[in-house]
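Visitor: Could you walk me through some local features of this chain, one question at a time?
Guide: Gladly, let us have a look together.

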Amino acid sequence: MKRKKLRGPLAVLLACVLIIGSVYPASAAQTGGEGASDGTAAVQAGASKTAASPTYNQELARKVLAAMGVVTGSQTTAKGLKKQVSRRRFAQMLVELSPYRKKVGTTVKTSLYTDVKKTDPYAPYIRIAVENGWMKGNLKGKFRPTQTVTLQEGIVAVLAMLGYVDSDFQGSLASAKFSFYQSQKLNKNIKKKAGGKLTYKDTVNLLYNVLVTPDKAGNIYGQTLGYALDANGDIDYLTLVYDKLDGPVIAGEDWRSQIPFDVSGAVIYIDGSKAGAERIRPYDVLYYSKKLNSIFVYQDRVTGRLNGVSPDRYKPTAVTVSGTSYVLADQDIAYAVSAMGSYEIGDYVTLLLGKDGKVVGIGGAATLNSFIGGIVLSTTEKVSGDKNSTDVKKYITMLDTLGETHEYEVEDLKGFSENTPVEIAFDNGKPVVNKVSLSRLNGTVNADATTFAGYRLSESIRILEYDSSGSYSSIERSRLAGLTINFSNILYYHVNADKEITDFMIRGVTGDSYRYGILLSATEVASPEMMTFMGSYSYLIDGKQGSAGSSGQIFGVQGYTGPAQFGFGGDGSVTSVKMLGSISVTSITLTEVSDGKHAYRIADGVGVYLKQGSSYYLTELPKVMSLSNYELTAYYDGTTSGRVRVIVAKAKE
């Protein structure tokens with residue numbers, strides 16, 4: 001199963017812009033608003049660089065500044081955004097958006113201004129803002145802390161934060177700075193004259209604009225503070241949120257008492273989907289954000305035999321369970337699997353995985369009431385692996401829903417045929433193999449992939465698609481949206497006490513585990529009398545020609561050439577060949593085709609071929625999308641998903 005790792009890209013495209021021109025006329029500077037004039041401020045020092053293309057989305061700005069702690073949730077409501085911002089509060093916001101945000105004391109030794117007491121909780125912020133030239137008091141020695149901050153004062157502050165000084169501007173400082181503020185797009189979503197009073201809405205937009213603007217040295221200001229940008233040049237909100245979460249907390253009976261706010265009013269996400277607190281189960285991994293009033297729940301866990309620790313048992317940093325290595329999150333977990341800990345190599349354990357896929361908790365498989373579910377791959381009898389034993393014992397090899405294989409001893413092999421659904425429970429640390437009887441489930445997964453056949457699909461569901469050739473792949477829950485799944489497609493499933501399907505093993509549903517291309521030739525030999533079945537096939541897949549044979553089976557495709565679905569075994573032999581359904585395309589986009597009656601989604605990695613005579617040539621979809629120039633035939637797989645896997649284009653005469 002894919003671990004949830006939410007990380008935004010850090011793509012920033014920087015272009016140099018040299019700003020040289022006449023001073024902005026004072027009358028024009030006072031008009032305010034976006035695009036008030038075509039004039040440009042004169043800046044003496046340095047060329048500035050611009051981000052890729054920030055969206056300046058106001059909702060994103062509010063979410064980002066709330067996550068950073070610059071504003072509170074109540075200040076980003078419709079009512080809160082209309083309130084005006086005092087100068088002392090503005091000083092605090094500036095500091096929270098600066099390199100000094102983690103260096104603020106609770107008091108100052110002396111007060112800089114007669115109207116700011118040294119015990120005032122805002123005094124440390126005011127001192128930092130003044131000492132860095134972002135704000136200043138008046139000639140009478142007063143800061144005027146409760147007075148509303150103006151846009152002109154805000155412009156002076158943010159330009160100073162970006163590294164500009166008065167000598168960088170020519171002529172009237174006020175009008176030159178206002179001009180530069182506009183040219184740098186710091187005025188996005190702000191419609192105020194220079195003397196206008198700032199509301200929280202204005203201030204949030206101004207400070208967000210600063211975050212995505214280059215400083216005097218040409219570096220995006222938000223990046224200098226350590227914040228990631230997305231491909232647009234906006235602050236990467238998801239990275240910001242997930243990197244600033246507190247936790248983890250392992251859910252027990254008292255987990256609510258470990259969250260420092262009222263859980264009843266919190267927004268709860270389980271593996272990325274909104275849910276209620278009643279859905280949190282024992283041993284879930286919780287992270288929380290007091291600023292966002294949110295709890296993020298991870299139910300990702302792995303159960304299996306502890307194969308080893310690395311680099312050694314004295315200072316372990318990772319463990320290997322069922323053949324896969326997992327990094328340990330901290331020293332407490334490391335101690336548990338060290339030479340001084342409570343777990344030994346060979347024990348069956350359950351690992352609790354956090355938001356970054358690291359191990360944040362560990363327990364005995366039996367203690368955590370864990371199980372391993374899947375299907376039987378094979379059975380065997382062999383000499384016991386127990387030390388000093390030569391007894392011949394019976395074993396099954398199973399494949400679980402994580403795609404891991406395990407071997408377990410059983411008393412009798414009767415009933416453990418290939419594909420038999422099984423579950424492994426644990427009794428006093430020992431695995432117990434149980435055959436599973438599955439109820440017949442049939443139905444269509446709903447549009448958002450949350451329910452199927454009367455059951456909820458768990459947010460943390462493990463889904464493995466397996467085919468008869470022995471290949472398999474983990475798939476995301478969203479891939480099942482809208483698909484019809486018959487009982488014949490189901491190999492194994494597990495339903496928990498909350499009537500959720502937590503584990504699902506299917507075959508022939510998405511078709512994603514097969515390969516698609518052009519069958520060039522097929523020679524098949526079938527002799528039932530001699531018990532001989534074999535085939536030889538040549539094909540074109542991803543534009544590359546190949547050939548392979550089958551042994552013990554044929555697929556009834558001799559004489560057919562054209563688009564097909566292929567299955568291959570681990571040894572490269574052909575395990576299946578199927579013809580695809582087709583439609584004549586009457587409309588097409590980059591994601592969908594239609595014949596006027598039915599629409600089909602184009603699969604990722606679709607093979608597009610130009611056919612000339614009997615030859616096929618790999619090409620690209622945009623080159624052949626013109627229906628006036630090309631006759632297109634789309635070939636879709638025979639699974640319930642019906643995705644287009646191959647498109648063949650013929651030039652019209």
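Visitor: Just after helix H2, which residue takes a positive phi?
Guide: Happy to start there, with the reminder that this is a predicted model. Helix H2 covers residues 58-68. Just after H2, a positive phi of about 85° is taken by Gly69.

Visitor: And at the start of H2, which residue's backbone nitrogen does a side-chain oxygen of Asn57 reach?
Guide: Look at the other end of the helix now. The side-chain oxygen of Asn57 comes to within 3.0 Å of a backbone nitrogen at the start of H2. That nitrogen belongs to Glu59.

Visitor: What covers the buried residues of H2?
Guide: The buried residues of this helix are Leu60, Ala61, Val64, Leu65, Ala66, Ala67 and Met68. Their cover includes two helices, spanning 200-211 and 237-243. These are H8 and H10.

Visitor: Moving past H2, is Thr76 buried, exposed or partly exposed?
Guide: Thr76 sits in the loop between H2 and helix H3 (78-81). Leaving aside neighbours within four places in sequence, Thr76 is in contact with Arg62, Val71 and Leu81. Buried would require under 20% relative accessible area and exposed over 50%. Thr76 has 22%, so it is partly exposed.

Visitor: How are the axes of helix H4 and helix H6 arranged?
Guide: Two packed helices are described by the angle between their axes and the distance between the axes. For H4 (residues 87-96) and H6 (residues 151-161), the axes come within 12 Å and cross at roughly 20°. Because angles under 35 degrees count as roughly parallel, the arrangement of H4 and H6 is roughly parallel.

Visitor: In which hand does H4 pass H6?
Guide: The angle of roughly 20° is one part of the description; the hand of the crossing is another. For H4 passing H6, that crossing is right-handed.

Visitor: How do the residues of the contact of H4 with H6 divide into nonpolar, polar and charged?
Guide: From H4 come Arg87, Phe90 and Leu94, and they meet Glu153, Gly154, Ala157 and Met161 in H6. An α-helix has 3.6 residues a turn, so residues three or four places apart point the same way. By class, the residues of this contact divide into four nonpolar, one polar and two charged.

Visitor: How many of the nine residues of helix H5 are buried?
Guide: H5 runs over residues 123-131 and is largely enclosed by the rest of the structure. Its buried residues are Ala123, Pro124, Tyr125, Ile126, Arg127, Ile128, Ala129 and Val130, and they pack against H4.

Visitor: Which residue with a positive phi follows H5?
Guide: The backbone after this helix has a phi near 80°. The residue that takes it is Gly133.

Visitor: What is omega for the cis bond of Ser310 and Pro311?
Guide: Pro311 is in the loop between strand E8 (301-310) and strand E9 (318-321). The peptide bond joining Ser310 and Pro311 is cis, with omega about 0°.

Visitor: Is Tyr283 buried, exposed or partly exposed?
Guide: Tyr283 belongs to the loop between strand E5 (273-275) and E6. Its phi is positive, about 75°, although Tyr283 is not a glycine. With a relative accessible area of 30%, Tyr283 is partly exposed.

Visitor: And is Asn369 buried or exposed?
Guide: You will find Asn369 in the loop between strand E12 (359-364) and strand E13 (372-383). Asn369 also has a positive phi, of about 55°, although it is not a glycine. Its relative accessible area is 69%, so Asn369 is exposed.

Visitor: What is the relative accessible area of Ser289?
Guide: Ser289 lies in strand E6 (residues 285-289). Beyond its neighbours within four places in sequence, Ser289 is in contact with Leu245, Phe261 and Ser294. Ser289 is buried, with a relative accessible area of 8%.

Visitor: Finally, is Asn489 buried or exposed?
Guide: Asn489 is in the loop between strand E22 (484-485) and strand E23 (490-495). Not counting residues up to four places away in sequence, Asn489 touches Met505, Ile506, Arg507, Gly508 and Val509. At a relative accessible area of 12%, Asn489 is buried.

Methods:
Residues numbered from 1 in each chain as written. Predicted model: local features only at pLDDT ≥ 70, side-chain atom pairs only at ≥ 80, totals over all residues. Heavy atoms only, no water. Buried < 20%, exposed > 50% of the residue type's maximum accessible area, 1.4 Å probe, protein only. Helix = DSSP H or I, 4+ residues; strand = E, 2+ residues; numbered from the N terminus. Contact = heavy atoms within 4.5 Å. Polar contact = N/O pair within 3.5 Å; in protein donor to acceptor, adjacent residues only side chain to side chain. Axes fitted to C-alpha atoms, helices over the stretch in contact; angles between N-to-C directions. Parallel < 35°, antiparallel > 145°, perpendicular 65-115°, else oblique. Left-handed = near helix turned anticlockwise from the far one by under 90°. Nonpolar A, V, L, I, M, F, W, Y, C, P; charged D, E, K, R; others polar.
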